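Dear colleague,

Please find below the structure that I am handing over to you. My notes on it follow directly after it.

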Amino acid sequence: MEKITESNHTQMRRGVLEYSILLILDRNDEYASSIIQKLKDVNIIVAEGTTYPLLARLKNLGMLSYRWEESVQGPPRKYYTITEIGKKQLKELDSVWEELSGAIKKLKD
């Protein structure tokens, strides 16, 4: 039974990963390792192998852009920024999230 629960947990987290990344970037520009850490901080544990392709996909869809910045702690970092297209997508995801969470709350009551 534990494996089924872990699988469900993983699937639900993956389902909100795009939304979570857009929420993070709506506040501040961030580099990939920082995004991953912020997700881990709220228990949306993700692997680099999941995050980097998603960031590339969101960039290719026009939802994110990036710029390189020098770092005092090593090589230059790629900072991601949410675009206007990304902000529109975030607004849509906000609406969907509110609708779904409201529906689930009604089912639980």
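The lining of the second largest pocket divides by class into 5 nonpolar, 2 polar and 3 charged residues. Here Ala, Val, Leu, Ile, Met, Phe, Trp, Tyr, Cys and Pro count as nonpolar, Asp, Glu, Lys and Arg as charged, and the others, Gly among them, as polar. The residues concerned are Ser20, Leu23, Ile24, Arg27, Asn28, Glu30, Lys38, Leu39, Val42 and Ile44. Helix 1 provides the largest share, 4 residues, and both helix 1 and helix 2 (32-41) supply at least two. The volume of this pocket is about 220 Å³.

Please note that this is a predicted model, in which local features need pLDDT of at least 70 and side-chain atom pairs count only at pLDDT 80 or more, while totals for chains, interfaces and linings use all residues. Residues are numbered from 1 along each chain as its sequence is written, and side-chain values use heavy atoms, with hydrogens and water left out.

The largest pocket holds about 310 Å³ of space. A pocket is an open set of points on a 1 Å grid over the protein atoms alone, where a 1.4 Å probe fits, with protein on both sides within 12 Å along at least five of seven lines; lining residues have an atom within 4 Å of a point. Grid points are joined across faces, edges and corners, and a volume is the space filled by probe spheres set on the points. The lining of the largest pocket consists of Met12, Arg13, Gly15, Val16, Tyr19, Leu93, Val96, Trp97, Leu100, Ser101 and Ile104. Of these residues, 8 are nonpolar, 2 polar and 1 charged. Helix 4 gives the largest share, 6 residues, and helix 1 (2-27) also supplies at least two.

As to the overall architecture, the protein has 4 helices and 3 strands, in the order α-β-α-α-β-β-α from the N terminus on. Helices (H or I, at least four residues) and strands (E, at least two) are DSSP runs, numbered from the N terminus. Buried residues account for 28% of the 109 residues, where buried means under 20% relative accessible area (1.4 Å probe, protein chains only). The accessible surface comes to about 7,900 Å², with 53% of it belonging to carbon and sulfur atoms; these areas come from the Shrake-Rupley method with a 1.4 Å probe.

Helix 4 covers residues 84-108, and its end C-alpha atoms are 36 Å apart, which agrees with the 36 Å that its 25 residues should span at 1.5 Å a residue. The expected span is 1.5 Å times one less than the number of residues. Gly86, Leu90 and Leu93 are the buried residues of helix 4; Leu93 also lines the largest pocket.

In helix 2, the buried residues include Ala32, Ser34, Ile35, Ile36 and Leu39, and Leu39 is also part of the lining of the second largest pocket. Asn43 lies in the loop between helix 2 and helix 3 (48-60). Its phi is near 65 degrees, a positive value in a residue other than glycine.

Finally, Thr81 belongs to strand 3 (residues 74-82). Although 52 residues separate Thr81 from Asp29 in sequence, their C-alpha atoms are 5.0 Å apart. Beyond its neighbours within four places in sequence, Thr81 is in contact (heavy atoms within 4.5 Å) with Asp29, Met63, Leu64, Ser65 and Arg67. Across the protein, 50% of the contacts between residues at least 6 apart in sequence join residues at least 24 apart.

With kind regards

Key:
Buried means under 20% relative accessible area, exposed over 50%, partly exposed in between (1.4 Å probe, protein chains only).
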